[in-house]
Amino acid sequence: MDMQELKRLIYQGEKVDIECKKAESKVPISVYESYSAFANTKGGYIILGVKEDKTKTNPEERFVLQ
């Protein structure tokens, strides 16, 4: 996966198969919930280092790379 594909996934926003986690200094515990859910379905992507800003409506501005 290249940077363009990664950005495309981030800007699509969280969905059934995409989870974004802030993860500033360590892996958050909530990653394991997402990992387990993906393992029990068709899989997906967990993207660390991305914070969702729910006040933004434009997808290009809603997810902030940390």
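How many helices and strands does the protein chain have? Colour by secondary structure and you'll find three helices and four strands, where helices (H or I, at least four residues) and strands (E, at least two) are DSSP runs numbered from the N terminus. Trace the chain from the N terminus and the elements go α-β-α-β-β-α-β. Its radius of gyration (taken over C-alpha atoms) is 12 Å, close to the 11 Å from the globule rule (2.2 Å times the number of residues to the power 0.38) for 66 residues, so the chain is as compact as a globular protein of that length.

A quick note before zooming in: this is a predicted model, where local features need pLDDT of at least 70, side-chain atom pairs count only at pLDDT 80 or more, and totals for chains, interfaces and linings use all residues. Residues are numbered from 1 along each chain as its sequence is written, and side-chain values use heavy atoms, leaving out hydrogens and water.

Now select residues 18-21 and 45-48. These are strand 1 and strand 2, which run parallel and are joined by four bridges; two strands pair if DSSP finds at least two bridges between them. Click lysine 21: its bridge partner in strand 2 is leucine 48.

Last stop: alanine 23, in the loop between strand 1 and helix 2. Alanine 23 isn't a glycine, yet its phi is positive, about 45 degrees. Most residues other than glycine have a negative phi.
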